[in-house]
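Student: Can we go through this one together? Show me the model and start with the terms.

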Amino acid sequence: MSREVLNPEDMYGTVAFGFSHATTSTSVKTIHCAGQVAWDKDYNVVGGDDLASQCRQVFDNLKQVLAAAGATPADVVRMRTYVVNYSPDKLDHIGPAIAAFYGDSLPAANTLLGVATLAMPEFLIEVEVTAQIDA
């Protein structure tokens, strides 16, 4: 897979905030992951009203979905993060979870959106990703 992360030097830095300006790829197999929430396999919401705990479960779920498709976080080319009642202080929980998800890989392009609610009232965060790998 050919994945290139773009962070132009004459622009503001983004990696410290958990995203890159753009990601290019020339792969043949594209994986569109549905938004993942903090459900475990038995539909229990992991973390209750604790955003940091829900973040960990969301990114663990994403890793499992990617692995099932033969991909890793390093193959992600696009992320969208939806946060209920977003305020900047929530980045204290979201940022470290995104960093842990990517590990040593540079993060892909990401858009963080504040929303009024998600599919179920107990969900605090939902994250969807697109990944690309060689077929």
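Tutor: Contact here means heavy atoms within 4.5 Å. This is a predicted model, where local features need pLDDT of at least 70, side-chain atom pairs count only at pLDDT 80 or more, and totals for chains, interfaces and linings use all residues. Residues are numbered from 1 along each chain as its sequence is written, and side-chain values use heavy atoms, with hydrogens and water left out.

Student: Which residues is Thr 81 in contact with, leaving aside neighbours within four places in sequence?

Tutor: Thr 81 touches Ile 94, Ile 98, Asn 110, Thr 111, Leu 112, Leu 113, Ile 125, Glu 126 and Val 127.

Student: Is Thr 81 buried or exposed?

Tutor: Thr 81 is buried, at 0% relative accessibility; buried means under 20% relative accessible area, exposed over 50%, partly exposed in between (1.4 Å probe, protein chains only).

Student: And what about Arg 80?

Tutor: Arg 80 is partly exposed, its relative accessible area being 27%. With neighbours within four places in sequence left aside, its contacts are Asn 110, Thr 111, Glu 126, Val 127 and Glu 128.

Student: Switching to helices: at what angle do α1 and α2 pack?

Tutor: Helix α1 (residues 51-68) and helix α2 (residues 91-102) pack at about 25°, axes 9 Å apart. Helices are DSSP runs of H or I, at least four residues, numbered from the N terminus. Axes are lines fitted to C-alpha atoms over the stretch in contact, with angles from 0 to 180 degrees between N-to-C directions. The two helices α1 and α2 are therefore roughly parallel (angles under 35 degrees).

Note on methods
Parallel < 35°, antiparallel > 145°, perpendicular 65-115°, else oblique.
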